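Subject: Structure for you to look at

Hello,

Here is the structure I said I would pass on. Please open it and keep it in view while reading the notes.

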Amino acid sequence: MPSPRFDITHFSLSRHGLPVLADVSFYVDPGEIVCLLGPSGGGKSSLLRCLNRLTEPPPQTIFLDGQDVTEMDVLALRRRVGMVFQQVALFPGTVADNVAYGPGLQADNLPPEEVTRLLALADLPAELAGRDSQELSGGQAQRVALARALATGPAAMLLDEPTSALDPAATRNVESTMLKLRQSLGLTVLWVTHAPEQARRVADRVYLLVDGRIVDEGTPEHLFRPGSQHLTAVFAAGELGGHET
Amino acid sequence: MTSLNLLSELPRILAALFLVAVAAAISRWQHLDLEKQMLVAVVRAFIQLTLIGYALNIIFAADNPAAILLILAVMTSIASYTSGKRGQGTPHAMRVAGLAITFGAALTLGLLVGLRVFTFTAQQIIPIAGMVIGNSMNVCSLVMRRMREEIKGRQLEIETALALGATRQQAVRPHLKTALQSGMMPIVDSTKTVGLIQLPGAMTGMILAGASPLQAVQLQMIVMYMLIGAAALTGLAASWLSYRQFFTANHQLVDA
């Protein structure tokens with residue numbers, strides 16, 4: 001499936017009567033990794049959830065290959081646009097059960113070699129397939145979640161702070177897996193993160209979202225170059241809004 | 001049918017009350033502050049049961065189908081209101097409880113009458129309906145509460161499933177199963193151990209009233225099967241109706 005393009009146009013969102021996002025517009029090109037960077041609680045995750053309609057977006061604000069997502073079949077949209085969450089929820093059962101969950105919803109049984117292939121995509125050994133899903137390290141669990149999301153054959157991925165619960169080594173490993181996957185599968189990726197260093201390592205382009213608005217954008221080379229006056233560099237220096245980790 | 005003469009049993013009632021008086025005296029002596037609540041309970045029970053005794057006496061004597069249906073409607077309404085209150089936190093809890101209890105009770109009673117297990121007479125239907133509706137109410141409250149707790153507590157699992165392309169029904173299935181099992185557990189357990197631990201109410205009543213234990217046992221079987229059936233039907237309806245209150249038609253968890 002060819003990788004799709006996202007267009008977000010004049011997107012606003014309020015929660016409990018308070019504005020969370022105000023008139024946000026940006027795009028993600030096919031096969032691109034775009035990071036949505038900003039302090040925690042800035043509405044990045046709320047926006048991400050609208051792209052696969054876990055939250056219903058206002059009509060005519062989010063487009064997948066030019067088509068308004070609110071006019072698409074919601075289940076088909078979610079199979080086409082995979083998602084990985086900050087907190088991993090593996091279902092009871094084995095790793096293989098988890099990987100096979102998505103295809104199983106449509107009564108497709110996933111053959112073992114297909115489970116092995118998906119685990120390999122997430123840089124996991126085939127032996128892990130029979131392991132109990134509750135007996136994994138944080139990094140392994142996140143990779144299983146990734147393999148599980150890939151099982152429905154998505155053309156795009158939404159990553160919601162996928163490494164913020166992981167240690168630095170596991171974080172780097174997940175990052176390199178994602179870069180490799182983009183290369184091999186041509187996935188379009190929208191990656192939400194609060195860590196400027198991560199955006200710098202993985203993104204083709206970065207949008208900085210502060211107080212519900214996009215305040216800066218560009219390539220990492222441009223935004224983070226030494227001596228940059230860009231807000232993103234200021235944010236990275238810890239002098240803008242958020243709480244750094 | 002003989003008219004109810006309450007005074008004929010007054011000495012035995014007073015004798016039973018003597019025990020309450022002893023307990024109240026102990027409570028007073030030990031400053032346990034139970035005596036006031038016990039007094040209220042005893043007085044309420046006396047008034048409520050006397051009234052219902054006279055009311056049933058009139059209804060049994062009249063044996064009018066419309067009057068029976070009216071009584072059933074009142075019983076169902078009270079049960080739905082009570083269960084709906086317990087189900088607060090679930091959107092439209094009253095409606096969910098009302099529909100679930102009505103469904104479970106109506107189907108059970110309809111089958112019992114249709115299969116000629118009981119006749120549609122006040123003397124048979126009203127006590128039977130009391131058991132069925134009361135039991136359905138308990139199951140409905142338990143299932144609704146557990147369903148709400150499951151959905152609130154398992155939001156991440158549910159949304160993970162939705163994000164993988166699951167329908168709301170597929171996403172909620174394991175949690176619906178948990179809610180239903182926990183709601184059904186008391187009735188299933190009491191049915192499993194019936195007669196081994198305690199003799200249930202209907203049977204006790206018949207034996208005390210002079211029926212043979214074998215007659216009493218047969219009635220008790222009917223009662224238990226009917227109650228477990230009604231519980232399952234009500235529980236199914238309650239779990240199905242309440243989970244839907246937490247989702248949109250687009251397979252999204254309602255933000256609550």
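Predicted model: local features only at pLDDT ≥ 70, side-chain atom pairs only at ≥ 80, totals over all residues.

Salt bridges

Over all chains, the structure holds 17 salt bridges.

The side chains of A:E32 and A:R205 form a salt bridge, at 2.6 Å from N to O. This pair links distant parts of the chain, 173 residues apart. A:E32 sits in the loop between β2 (18-28) and β3 (33-37) of chain A, and A:R205 belongs to strand β9 (residues 205-210) of chain A. Both A:E32 and A:R205 are buried.

A salt bridge also joins the side chains of B:E159 and A:R49, with an N to O distance of 2.6 Å. Here the pair crosses between chains: B:E159 is in helix α6 (residues 155-163) of chain B, and A:R49 is in helix α1 (residues 44-51) of chain A. B:E159 has 6% relative accessibility, so it counts as buried, the cut-off for buried being under 20%.

A:D123 and A:R143 make another salt bridge, and their closest N and O atoms are 4.0 Å apart. A:D123 is in the loop between α5 (112-121) and α6 (138-150) of chain A, while A:R143 is in helix α6 of chain A, so the pair ties together parts that are 20 residues apart in sequence. The two residues fall into separate accessibility classes: A:D123 is partly exposed, with a relative accessible area of 33%, whereas A:R143 is buried, with a relative accessible area of 11%.

Nonpolar patch on chain B

Which residues make the nonpolar surface patch of about 720 Å²? The patch is made by B:I13, B:L14, B:L17, B:L39, B:V43, B:F46, B:I47 and B:L51. Two helices of chain B, α1 (10-29) and α2 (35-62), each supply at least two of the patch residues. The most comes from α2(B), which gives five residues. One of the patch residues is B:V43, and it lies in helix α2 of chain B. B:V43 is partly exposed, with a relative accessible area of 40%.

Helix packing in chain B

Helix α9 (residues 213-244) of chain B packs with helix α7 (residues 168-192) of chain B at an angle of about 155°, and the two axes are 9 Å apart. That angle makes α7(B) roughly antiparallel to α9(B), because angles over 145 degrees count as roughly antiparallel. The crossing of α7(B) and α9(B) is right-handed.

Helix α4 (residues 93-114) of chain B also packs with α9(B), at an angle of about 150° and with the axes 8 Å apart. By that angle, α4(B) is roughly antiparallel to α9(B). The crossing in which α4(B) passes α9(B) is right-handed.

Two residues have backbone angles to note. Most residues other than glycine have a negative phi. A:Q60 is not a glycine, yet has a positive phi of about 65°. A:Q60 is found in the loop between α1 and β4 (62-64) of chain A, and is partly exposed, with a relative accessible area of 46%. A:D211 also has a positive phi, near 50°, and is a residue other than glycine. The place of A:D211 is the loop between β9 and β10 (213-218) of chain A. Is A:D211 buried or exposed? A:D211 is exposed, with a relative accessible area of 72%.

A:P168 is exposed, its relative accessible area being 66%. Between A:P168 and A:E71 there are 40 Å in space, C-alpha to C-alpha, and the two are 97 residues apart in sequence.

Regards

Methods: Residues numbered from 1 in each chain as written. Chains lettered and ligands numbered in written order. Heavy atoms only, no water. Helix = DSSP H or I, 4+ residues; strand = E, 2+ residues; numbered from the N terminus. Buried < 20%, exposed > 50% of the residue type's maximum accessible area, 1.4 Å probe, protein only. Patch = residues over 30% accessible without salt bridge, like charges linked within 9 Å, V, L, I, M, F, W, Y side chains within 5 Å. Areas by Shrake-Rupley, 256 points an atom, 1.4 Å probe, with all protein chains shown as cover. Axes fitted to C-alpha atoms, helices over the stretch in contact; angles between N-to-C directions. Parallel < 35°, antiparallel > 145°, perpendicular 65-115°, else oblique. Left-handed = near helix turned anticlockwise from the far one by under 90°.
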